[in-house]
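Here are my notes on this model, in numbered points. Please read them beside the structure.

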Amino acid sequence: MRSIVRRLLSLSLFTLLITFSCFVLLRLLPGDPVLTLLNIDELSATPEQIEAARRELGYDQPLLVQYVRWLQDILTLRLGNSLQTGRPVIEMLQESYLVTAELALGGLTIALLIALPLGIGSALTTRRSVVRLAHLVSMSGAAVPGFWIGLLLVDLFAVRFGWLPVMGREGMTSLVLPALSLGFPLASVYIPLIRLNLRRELNQPYIELARMRGISERTILWRYALRGSLPPVLSVFGLTLGSLAGGVVVLEVLFAYPGVGKLMVDAILQRDYPLIQGYILLTTGIILVLHQGIRSLNRALRPDWQKGKHA
Amino acid sequence: MSTYKTMSLIGSVFLGLTLAGCAASDKSQEQNHLTFVYNFATQSLDPHRDSSYVPLRAGVTETLVRLDDERLTVEPWLAKKWSYEGKRTWRIVLQKDVTFHNGKQLDAAAVKSSLERSIDENPGVKNALNIETIKTDGPDVLIQTKTTYPEFISELVNPNTAIIDTKASGVTKEPMGTGPFQVERFAPGTKVELKRFKSYWQERAKLDSVDFVFNEDAGARTNALRAGQADIVYRPEIESVKQLKSEGLTVQATDTFRVHQLTMNVANGPMQSLEVRRAMDALINRKQLVDHVLQGYAVQARGPFLSSFPFAPDYPQQEQKSPEEWLKQAGYTKQNGRMQKDGRPLKLTLLTYAARPDLPLIAQVIQDDAKKIGVTITIKQIDVPEEYMASNRDWDIATYSNLTAPRGDAGYYLNATYHPNGGLNFSRVADPKLTKQIETLNKTIQIEERSRLAEQIARYVDEKRYNSFLLHPSTLVAYDSKRVKGWKTEKSEYYMITNTLQVTD
């Protein structure tokens, strides 16, 4: 119990530190939310009016006062209102995170569908054709950026064949092209990772022992080798999830998939401080939870790691 | 697992997903339905806050007055007529039999409440409208401004002053406007689904429904049109124009109210000299900029306003001198290939920014042309021009882009740019004669007289070369003209989905 409390306390302190540093850094960036809000490019505003608006929004206050005010907004659980839309930040982030989660899930599914068979297949076989295929897919996924794959897929399946929507978010069909564009480059990371770890695990003495005891190859693969090779893959998976939680801006713009990445680019351009701060808070939280989840999963898969027995 | 099995698994998944895609409904080809793809996205449909103006552009909301695209004058809309009553007070007479999408009647109280909300919600609108009080007088609305404010009526063209039923809930997702279309569903950042408003006060919309889709990628918008998944796309990819035309699609280019200009810092440095400013102006090859940087999709600018505006002046014949001649007149001589004065070479700092991709290219062309006459220009890339130019004086010239008369009146631009208190007076112009002219304009109510004064001011600014005007960029719209009828690209870019728009199959 005490360790849980200590852990929660350290996580809260870490979150405070992250949000405060971002709060300060944001204010150091060029750009003035007041000018954007007053739409100075289209509407008249005298310097006095600009200063009055700044006072009204509280941006003339010391940074610490502004930060404490933002912390008070957190307590209301609305995270304040967006400067641009006036909508509660929490509501806007919820909508966007849902879209990002959908896109990330689609991309990861595609990535695993490609990486698992190719990674496992190339680790198990000695046939050069399979190893070469895995290598080719992995190299091309790493070399070609997702948006380029997206453009090619759109040209082929949407413009030429007319089978899939060019853009938008209308159920499963509109997820196909963005998920493929996201999943293919992601797979390139996992194919060699799965292959190398599985091969290493298959060469462990305990696997030899299992073979000598007559345990079937299928059981050895699924019950022992794969399980043993998973923790490093899961760690990278955790990092991937973390980066996906931040949004996939290029693909979101290309496919008009309104995820959190695009929302943040707009918020940064418009200096929508409450929205950016809300995003930093939630994304930090999500990444910490993911990190903790992956850690616990790894412990469950390899209890020997925790005990420091792993070579 | 064998290679065959691996490939089969990947193949089946891919095929499954593709077949699923085949089932996608092609809504753009539905009868009497139109899909419009716009180049900005919005997270909120609140008409008083949304800076993309989607509710007005999508035909959901309407303002009291609108801009006529032919004459570029302010015309009645929800306001039938208006008059100046003296004592800074305007009487607005409303149209009869106008209802909001929820069936409620539009009346003076509703207009008052809506305008008050726009002021409360949007500090920019609060400044621009400059309202002291709003009162109802039977069926009319009486508005008193804080100061004498002749351009008040034109400020009501602003889409953020749209009239909505403020009592209705859910304004960010379903504003209750009076336009020909009402919101059926809004997916923030993705699209607005619209349906015809059956009780529209003017002729009912010809379309049954419209999808107003957002996509900020020009290539994706172009692809949507080519794939037949969109009927009209706003700002397609310039590079694809030829291809679109070859595929039988129509691409319309229309001049806009925007001007790309060279802002001069007249507060310090070499640009304080009129001759140096004239030299820079003479240096600019506007035709080259239009043809090569904007690929022909722009018109050369002579002044800040599009020539079709009633207040755009006829400029007097200019003294034809080369940039070198102007610089010589300013006391510069060419030594070792460099323009110098008192032993100091002419070196200028030119600001530019990437938010408008044409501007850095224009800056490079100017830098190159200046080098040919012995003037060194250093280009400095900045992030936020308004903030940088307002608080720094370490620059001489800047490429900048302005909307000069977005609501059909010259007052906004002239005040903002040339009045010492103007929010966009980055040149730091403080010319007593010019200030007096602007203040006279600010007290002049009569429209013809305002136009005459605005012309006079624009001519004076031209004479003094406080800024140098480069070009008016065009807006491109691509659509399938065999299917879409009644589309018109408006110079104001305000009115897009209208009751006259239709599709034929």
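1. The expected span of a helix is 1.5 Å times one less than its number of residues. Helices (H or I, at least four residues) and strands (E, at least two) are DSSP runs, numbered from the N terminus. Helix α11 of chain B (residues 358–372) has 15 residues and should therefore span 21 Å; its end C-alpha atoms lie 22 Å apart, which agrees.

2. This is a predicted model: local features need pLDDT of at least 70, side-chain atom pairs count only at pLDDT 80 or more, and totals for chains, interfaces and linings use all residues. Residues are numbered from 1 along each chain as its sequence is written, with chains lettered from A and ligands numbered from 1 in the order in which they are written.

3. Which residues of α11(B) are buried (20 or more other C-beta atoms within 10 Å of the residue's own, placed from the backbone; exposed means 12 or fewer, partly exposed in between)? They are D358(B), L359(B), I362(B), A363(B), I366(B) and A370(B). They cover an arc of only 135° around the axis (taken from the directions from the helix axis to the C-beta atoms), so they sit on the same side of α11(B). The face turned away from that buried side carries exposed D368(B) and K372(B).

4. Just after α11(B), G374(B) has a positive phi of about 85°.

5. Chain B has 15 helices and 23 strands. Of its 505 residues, 50% are buried. Its C-alpha trace spans about 80 × 75 × 40 Å along the principal axes.

6. The contact (C-beta atoms, placed from the backbone, within 7 Å) takes 56 residues from chain B and 56 residues from chain A. On the chain B side, α1(B) gives the largest share, ten residues.

Technical notes: Contact = placed C-beta atoms within 7 Å.
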